[in-house]
Amino acid sequence: MAKKTTGNNDQSKSTDAVVGADQIPSHTAAGQEKRFVEDLADKDDFAQWYFEVVRKADMAEDSPVRGCMIIKPYGYAVWEAIQQGLDTRIKATGHQNLYFPLFIPMNFLQREAQHVEGFAPELAVVTHGGGEELAEPLVVRPTSETIIGHTYARWVQSYRDLPLLYNQWANVVRWEKRTRPFLRTSEFLWQEGHTVHRTEEDAEAETLMILHEVYADFVEKELAIPVVRGRKSDSEKFAGALRSYSMEAMMGDGKALQAGTSHNLGQNFAKAFEIQFLDADGTRKYAWTTSWGASTRLIGGMIMVHGDASGLKIPPKVAPIQVVIVPIWRKDEERVLVEETVTTLERTLRASGIRVKSDWRDNKPGFKFSDWELRGVPLRLEIGPKDVQNTQGTLVRRDTRAKESVPWNSMVARVQDLLAEIQQSMFDAALRFRQSRTYQVATYDEFKMRMADRANLGFVETWWCGGAACEAEIKAQTQATVRCLPFERSTDASSGQCVYCGQPATTWAVFAKAY
RNA sequence: CGGGAUGUAGCUCAGCUUGGUUAGAGCGCUUGCUUUGGGAGCAAGAGGCCCCCGGUUCGAAUCCGGGCAUCCCGACCA
């Protein structure tokens, strides 16, 4: 059950909160940690911890509409950084942005059988407009393959028109039964790329290029989240796709999060929407299309991968604030001196392209330390009378809490070094965690044991026959699903037996409980 | 859609069993003073259609009926 934590916790409750510390990676000593943790949820309740971090770090809050969230400025700034990182890569690989309408005629969805079957249960439908009932209901887009396919059919006439390489930034609506901030909301923000190609090879190359060079590159280098890349099983692939690929990240509780997907749609949508072209050989052919998307869910992933008992840890490259300056003073004349130094340092750091903010709020320094740690700012710079006297500043890392005194004249260089170091060390820590929680199993008993061990939950890698029946049985019994058939196998063996049915395996697979 | 629970101050909640003047606490907020190198203290304030509709009653946050909403557990989830 959700435990309510308020300021008037009794002593025993606070103590309990520290004891259950095994779930969330922490780099702090237990004794020191206690103070920081008293307002966050018990850490063995990961779901509750997640919800409180989102709210208390000022990322997002509930909205009057069920399942929808209000993204607050601090959370939206992270989204803007994600947008920028992805958009840069999308454009660098030859794509252009455009925009399609929010509404889609109902019959468009129905033209691709698997697509409508997959999305029908979660559609929001508009039946009235301007006070009158519409002749045909409009669907609020759950994704835009159909309306874009309909349009591409006109845009594609000749092989010379190909490829079409377009992307749009948009909001979509999927009426989910169960929602969580950022991870699964009824409305979410994303980018969806939609491309058209002359051949299957071209479409396949596009699909994989996006997965590797756009998605995985961004998520690993900027969000500091290591991912497992691979193909989706048939039951998990996109509704209407020929093949789906994804990258899967491990959260702090050992569950998997699909962090981005890229689909080779084959000719399914081309046939449904008559996207045809006259090829060089004079024959009329159906085109090959792809689609790929990454969403605000990435923010949830970032929180769940890096966060600890003190709150958020935002990787420096996407942190809205990279350095927060906390001024410290007692007397007014001290404040004057400190203010002068802070202003100068702030200006210098900003001029070097560092995102910096000074905190002049009327609170004690200790409050501010905790507050900015909760918000995950990578570096804190303390400036007090002692620092002014010694012409130095005190830098404190969010990830390790390591403190050091740095002379003013080398501050910019040291900050830049530390930001790079934190970025790398956050990725390394996440990778180590994933490796420590990734298990290769040979028997189904071992498989079940791993999925039942909540404290050490993680990814299970094993052989699988590829059969939907085994996949469904495993899911029913353990809640684990095939996350992907990874490109890189962590085994030397060239073949094996299906972990469930014992028949000769066709593939090596990563199983996990998933968000 | 099944099972369970809950709607009282900005937030987290107490009060309801056993109906009775002006409905409470902590946190937050406002003002003042003192504080400030790891979550400050004191004082004075502001803040309520007690989810909605109806019923019982001299009298309803409290009892009864109906409705709505939200949360949790399942099922579902590109």
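Predicted model: local features only at pLDDT ≥ 70, side-chain atom pairs only at ≥ 80, totals over all residues.
**Entry 1: domains**

**Entry 2: the largest pocket**

Next I turned to the largest pocket, which holds about 1600 Å³ of space. I counted 47 residues in its lining, and Glu176, Arg184, Gln258, Arg297 and Tyr515 come closest to the centre. What is the make-up of the lining in nonpolar, polar and charged residues? I noted 12 nonpolar, 18 polar and 17 charged.

Which domains give at least three residues each to this lining? Domain 1 (73–305) and domain 3 (438–512) both do. At the level of secondary structure, I found at least two lining residues from each of helix 6 (113–119), strand 8 (187–197), strand 11 (256–266), strand 14 (288–295) and strand 22 (481–486).

I traced an open sheet of 5 strands with mixed pairing, and wrote its order down as 16-15-17-18-19. Strand 16 (356–358) and strand 19 (403–407) are the edges; each has a single partner strand, so one side of each has no neighbour in the sheet. On average, neighbouring strands here are turned by 25° against each other, with direction ignored.

I looked at one pairing in more detail. Strand 15 (residues 323–327) and strand 16 run parallel and are joined by 3 bridges. For Ile325, the bridge partner in strand 16 is Ser358.

Helix 12 (residues 365–374) lies across strand 15, strand 16 and strand 17 (379–383), and runs at about 170° to strand 15.

A second open sheet on my list has 3 strands in the order 4-6-5, with antiparallel pairing. Strand 4 (103–105) and strand 5 are its edge strands, each pairing on one side only. From one strand to the next, the twist averages 45°.

I followed strand 5 (residues 124–129) along strand 6 (residues 132–140): they run antiparallel, with 5 bridges between them. Val125 stands opposite Val139 of strand 6, and Gly129 stands opposite Glu132 of strand 6. How many residues lie between strand 5 and strand 6 in their hairpin? There are 2, and Gly130 in the turn has a positive phi of about 60°.

**Entry 3: backbone details in loops**

I also checked for a cis peptide bond, and found one joining Leu162 and Pro163, with omega at about -5°. Pro163 belongs to the loop between helix 7 (145–155) and strand 7 (164–173).

Where does Arg401 sit? I placed Arg401 in the loop between strand 18 and strand 19. Arg401 is not a glycine, yet its phi is positive, at about 65°.

Definitions and conventions
Residues numbered from 1 in each chain as written. Chains lettered and ligands numbered in written order. Heavy atoms only, no water. 1 Å grid on protein atoms, 1.4 Å probe; cavity = no way out; pocket = protein on both sides within 12 Å on 5 of 7 lines; lining within 4 Å. Points joined across faces, edges and corners; volume = space filled by probe spheres on them. Helix = DSSP H or I, 4+ residues; strand = E, 2+ residues; numbered from the N terminus. Nonpolar A, V, L, I, M, F, W, Y, C, P; charged D, E, K, R; others polar. Domains from an automatic or database assignment. Pairing = 2+ DSSP bridges. Axes fitted to C-alpha atoms, helices over the stretch in contact; angles between N-to-C directions. Contact = heavy atoms within 4.5 Å.
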